[in-house]
Amino acid sequence: MRVGLLTREFPPDVYGGAGVHVDFLARQLRQRVDLTVLCMGAQRPGALTFAERDSRFPSANPALHVLSTDIAMAAACEGADLVHSHTWYANMAGHLAKLLLGVPHVVTAHSLEPQRPWKADQLGGGYRVSSWAERTACLAADAVVAVSHGMAGDIVAAYPEIDPSRLHVIYNGIDADFYRPDPDTTVVAGLGVDVSRPYVTFVGRITRQKGVTHLLRAALDFDPDVQILLLAGAADTADLKVETDAAISRLQAARDGVVVVSEMLPRESVRQVLTHAMAFVCPSVYEPLGIVNLEAMACETAVVASAVGGIPEVVAHEATGILVDYTPAEPDAFEAGLAAGVNALAADPQLAQRYGAAGRRRAVATFDWAAIADETVALYRTLT
């Protein structure tokens, strides 16, 4: 079976959970099907690449550049027996390939545009374009894959026209051979963390979805001995950068041990950061699954996370971590819950260790990429 895997992200240009998913899924799919990865951006090994900027309209909204790239990607799908797209960036490439070539199109939904209205601040009118592209592709797809049952519920709510028989749940996975405890502390110490004191960490983008400002406010009430290590990329918008920078400044003025790293670290470095953290904190206000929680668990690290989307399907409350209810109208209660979760682990280091050990066992047993690839190929075979 010849499969075209369509994506924006592919190593080494991976900045989110969807890119991690595509990376590890592709590794497994290559052992099972004749796979071609088609991605956006600069040339790299293992994929056909397509420029993400169209020189004919350099100053146009970025969404138009994405659609132009989608057309080029669709044209390159000639010969595929099935196409599988990931995120709205590649959905229209898959949809066009389906129409042109008469082949099945599988969409994996890692997030949904209707669930992320704050993207209008980032994309302007491009948000309406991205929403149209996602909706059009999902409604026409032969199969829509949700990465969690929580995500499946969101898909049904956003796109009730989708026949339930076309909706499938296949989890994100984790490479537990790579994400494993790393005894070395060189990277952590090099970042400015005092390895003799406990620390919590956050890894992710600064976007409304990830709830970073909630974490920064909650951290004002963390146990004074707990350090905070933020591996946080650039903010999505100028306004969010101003807001986040101000919150970081307030936190650094109120306590010591606040370390902020803005550049993207290699995965090996992130693995070490996760390993030695007392807890990984995930304050997301929207999260279809939250693959970084799995990465932390696989490194034997306890998790304190919001109980939104697919996170409760990953983090077992009071078994592998602590879940905190999130209600948009009650941010203070959410932030207090995050602080209480962190402080409970700080007060009982053995509890944090038990959660971490249980988390790795759960990650290995439930979220293995080989099994997830088998499920994916089984779905392909029902469509071809």
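**Second largest cavity.** I began here: H1 gives the largest share of the lining, three residues. Helices (H or I, at least four residues) and strands (E, at least two) are DSSP runs, numbered from the N terminus. Before going on, I noted that this is a predicted model, where local features need pLDDT of at least 70, side-chain atom pairs count only at pLDDT 80 or more, and totals for chains, interfaces and linings use all residues. Residues are numbered from 1 along each chain as its sequence is written, and side-chain values use heavy atoms, with hydrogens and water left out.

I listed the lining as Thr7, Arg8, Glu9, Ala18, Gly19, Val22, His86 and Thr87. Sorted by class, these are two nonpolar, four polar and two charged residues. For the classes, Ala, Val, Leu, Ile, Met, Phe, Trp, Tyr, Cys and Pro count as nonpolar, Asp, Glu, Lys and Arg as charged, and the others, Gly among them, as polar. I put down a volume of about 30 Å³.

A reminder to myself on terms: on a 1 Å grid over the protein atoms alone, a cavity is a set of points where a 1.4 Å probe fits but cannot get out, a pocket is an open set with protein on both sides within 12 Å along at least five of seven lines, and lining residues have an atom within 4 Å of a point. Grid points are joined across faces, edges and corners, and a volume is the space filled by probe spheres set on the points.

**Largest cavity.** How many cavities of 30 Å³ or more does the structure hold? I found two. The largest has a volume of about 50 Å³, and I read its lining as His21, Leu25, His84, Val106, Thr108, Val145, Ile170, Thr376 and Leu379. Helix H1 (17-29), S5 and helix H15 (369-383) each contribute at least two of the lining residues. The lining splits into five nonpolar, four polar and no charged residues.

**Helix H6.** I then turned to residues 149-158, where the buried ones are Met151, Ala152, Asp154, Ile155 and Ala158. Buried means under 20% relative accessible area, exposed over 50%, partly exposed in between (1.4 Å probe, protein chains only). Down the axis of H6 the buried residues fall within an arc of 160°, so they line one face of the helix; the arc is that of the directions from the helix axis to the C-beta atoms. On the face turned away from the buried side I found exposed His149 and Ala157. The cover over the buried residues includes strand S5 (105-109), helix H5 (126-140), strand S6 (143-146) and strand S7 (167-169).

**Helix H11.** Is H11 (residues 291-298) enclosed or open? Eight of its eight residues are buried, so H11 is largely enclosed by the rest of the structure. Just after H11, I noticed that Glu300 takes a positive phi of about 65°.

**Gln209.** My last stop was the loop between strand S8 (199-206) and helix H8 (212-218), where Gln209 lies. Gln209 has 4% relative accessibility and so counts as buried. Beyond its neighbours within four places in sequence, Gln209 is in contact (heavy atoms within 4.5 Å) with Arg116, Trp118, Ser284, Val285, Tyr286, Glu287 and Pro288.
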